[in-house]
Amino acid sequence: MASVNRFFKIDEMGSSYKNEILGGLTTFSSIIYVLVVNPTILSAAGLPFGSVMVATILVTFLSTCLMGLLANYPFAIAPGLGVSAFFTYSIVLKQGIVWQNAMLAAFFVGVFLLFFTLIKLRRKILMSIPSSLFKGIACGIGLFLIFVGFEQIGMIKASHGSIIEMGDFMNIKVLIAFVSFALIIVMLYFKLQYAFIAVILANWILALILGLTTFKGVVALPPSLSQTFMKLNFSFIKEPDFFKILFSLFLIGIFDSTAGLFLLLKQSGREHDIQDQKLMERALLPDSISSTLGPLLGTTTLAVHIESASGISAGAKTGFSSIIVALMFLLCLFFYPLFSSIPNFATTSVLMVLGCHMVMQIKSMKWNDFADVVSFFVTTITMPLTFSIYHGFAFGFISYTILKVITGKYKHIPIVCWVFSALFAVELFVFK
C-alpha cells in the first residue's frame with residue numbers, strides 16, 4: 001500500500017485512505033443517477049435502454065480511472081446529460097434525425113475534442129474565458145442544480161402560462177429533501193465528512209420503508225451491448241445535416257465537457273493548477289478519449305461532473321478517490337438492480353447544497369464594469385430559466401461581446417469571445 005500512497009500522494013496531500021474511500025463513495029452516491037437518467041434520455045431517441053446503460057458504465061469507468069491515474073484528481077467523468085438531452089430532444093425528436101446518424105456526429109465531436117486537447121488548444125480556449133463569464137457559469141450551474149433538485153421532488157414544474165409554477169409543495173418528498181438539506185448543512189458545519197453519503201443512504205432506507213421506491217434485487221447479468229455497439233451510419237457524412245449537427249454538438253461539448261473541471265479546481269482550492277500546462281493536458285485527456293469511445297458504444301460525449309464536489313467536501317483530495325468511483329461504477333454492471341433502487345429524490349438535498357456552494361462564487365464578482373455585470377447576470381439566470389447550460393454559455397458569450405463593444409472596450413475582448421460569440425450566434429439564429 002506504500003507504493004499506492006506514494007503514487008497518489010495521499011499523505012503529501014494531507015489525506016488518508018479513509019477520506020479517499022469515503023469521498024469516492026460520496027461522489028458515486030451523488031452521480032449514480034446518471035446510470036438511470038442517461039439511458040432514459042437516450043431511450044427517448046430510440047436507443048435501447050439496457051445497451052445505453054452498459055455503455056454509460058463502461059465509459060464512466062474508463063474515463064474516471066484515467067482522471068485518477070493521469071491527473072490525480074478526485075473528479076468523476078460520465079456522459080454529459082446536457083449533451084444527451086440536446087441529442088435526443090433537439091436533434092432526433094425535433095429535427096427527425098435517426099439516432100445512428102446523430103451518433104456519427106457525436107463521434108466526430110469526440111475526435112475533435114481529442115485533437116484540440118492534443119494540440120494544446122483546448123486549455124488555451126478555457127483560460128481565455130473572462131472571469132465574469134466563468135463566475136456566471138458557476139452561479140448558473142449552481143442555480144440549475146437547485147432547480148433540478150426542486151423539479152425532482154415535484155416542488156416546481158413547467159407551466160404553459162408562465163416560466164414555472166409551484167408543484168405539489170405539501171408532499172413527503174419535499175419534506176424529506178428539506179430536512180435532509182438542513183441535516184447536511186449542520187453536519188458540514190461540524191465538519192462531519194460523511195454528511196453526504198450518510199444522508200443519501202438514510203433517504204434510501206426511508207424511501208424503502210415508506211414505499212417510495214422498490215427493492216429491485218441485488219445481482220443480475222448486464223444487458224447486451226450489441227444493439228448500440230458500432231451502429232454509426234457513416235454514409236450520413238455526405239448529408240448537409242451532418243455538418244449542422246456536428247457544429248451544434250461541438251459547441252455544447254467543448255464547454256460542457258470541461259467547464260466542470262475548472263469549476264471543481266476552484267471549488268477544491270487548486271485553482272493554481274490551471275496554470276500548470278502539463279497537468280492540465282493530462283486532466284483534459286480522459287474525457288477526450290472517452291468521448292471518442294462513447295458514441296462507438298452507445299452514448300454521447302462525456303463531462304467532468306460537478307457532483308464530484310460532494311466527494312471533495314467529504315475529504316477526497318487525490319485520484320485514489322476517482323479509482324473508487326470508477327470501481328463502484330464497474331460493479332454496477334452486475335449490481336445494477338441494487339443501485340437503481342436509489343430514487344432521484346434521495347440525492348436532491350445533495351444537489352441543493354452543491355448548488356448553494358457554487359452560487360457563492362457571486363461574492364468574488366467585481367461590480368464596477370457594466371458589461372461584466374450584465375453578462376454575468378445573463379449567463380447566471382439563463383441556465384435555470386431555460387433548463388439549459390448550453391443556452392447559458394451562448395447568451396453569456398454573445399452579451400459579453402456586444403456590451404464590451406457598446407461600452408467602447410472592444411480592445412479588451414479576448415479572441416476566444418469573438419470567435420465563440422459568432423459561432424453561438426450562427427448556431428442560434430441561422431441554423432435554428
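The model is predicted, so local features need pLDDT of at least 70 and side-chain atom pairs count only at pLDDT 80 or more, while totals for chains, interfaces and linings use all residues. Residues are numbered from 1 along each chain as its sequence is written, and side-chain values use heavy atoms, with hydrogens and water left out. The protein chain has 19 helices and four strands; helices (H or I, at least four residues) and strands (E, at least two) are DSSP runs, numbered from the N terminus. With a radius of gyration of 21 Å, close to the 22 Å that the globule rule gives for 432 residues, the chain is as compact as a globular protein of that length.

**Overall fold**

- The radius of gyration is taken over C-alpha atoms, and the globule rule is 2.2 Å times the number of residues to the power 0.38.
- The C-alpha trace spans about 60 × 55 × 50 Å along its principal axes.
- Of the 432 residues, 57% count as buried; buried means under 20% relative accessible area, exposed over 50% and partly exposed in between, with a 1.4 Å probe and protein chains only.
- Among contacts (heavy atoms within 4.5 Å) with a separation of 6 or more, 81% join residues 24 or more positions apart.

**Pockets**

- A pocket is, on a 1 Å grid over the protein atoms alone, an open set of points where a 1.4 Å probe fits, with protein on both sides within 12 Å along at least five of seven lines; lining residues have an atom within 4 Å of a point.
- Grid points are joined across faces, edges and corners, and a volume is the space filled by probe spheres set on the points.
- The largest pocket holds about 1,100 Å³ of space.
- Its lining consists of 45 residues, and those closest to the pocket centre are Leu 81, Gly 82, Phe 144, Val 148 and Phe 387.
- By class, the lining of the largest pocket has 30 nonpolar, 10 polar and five charged residues. Ala, Val, Leu, Ile, Met, Phe, Trp, Tyr, Cys and Pro count as nonpolar, Asp, Glu, Lys and Arg as charged, and the others, Gly among them, as polar.
- The second largest pocket holds about 400 Å³ and is lined by 18 residues, with Gln 267, Ser 268, Ile 312, Ser 313 and His 357 nearest its centre.
- In the second largest pocket, the lining divides into five nonpolar, eight polar and five charged residues.
- Helices H12 (259-267), H14 (308-313) and H16 (348-359) each supply at least two residues of the lining of the second largest pocket, and H14 gives the most, with three.

- Arg 270 is found in the loop between H12 and helix H13 (277-297) and is buried, at 16% relative accessible area.
- The side chain of Arg 270 reaches the backbone oxygen of Lys 317 at 3.1 Å.
- Leaving aside neighbours within four places in sequence, Arg 270 is in contact with Met 13, Asn 72, Tyr 73, Pro 74, Leu 265 and Lys 317.
- Ser 322 lies in helix H15 (residues 319-339) and counts as buried, at 1% relative accessibility.
- Not counting residues up to four places away in sequence, Ser 322 touches Thr 64, Met 67, Gly 68, Tyr 73, Pro 74 and Phe 75.

**Other buried helix residues**

- Ile 197, in helix H10 (residues 195-210), is buried, with a relative accessible area of 11%.
- Beyond four places in sequence, Ile 197 is in contact with Leu 22, Leu 25, Thr 26 and Ser 29.
- Asp 372, in helix H17 (residues 370-386), is buried at 18%.
- With neighbours within four places set aside, Asp 372 is in contact with Ser 132, Met 365, Tyr 400 and Lys 404.

**Positive phi**

- Most residues other than glycine have a negative phi.
- Lys 9 has a positive phi, near 55 degrees; Lys 9 lies in the loop between helix H1 (2-8) and helix H2 (17-31) and is partly exposed, at 38%.
- Asn 72 has a positive phi of about 60 degrees; Asn 72 sits in the loop between helix H4 (49-71) and strand E1 (77-79) and counts as buried, at 14%.

Definitions and conventions:
A polar contact is a pair of N or O atoms within 3.5 Å; within protein, one must be able to donate a hydrogen and the other to accept it, and residues adjacent in sequence count only if both atoms are side-chain atoms.
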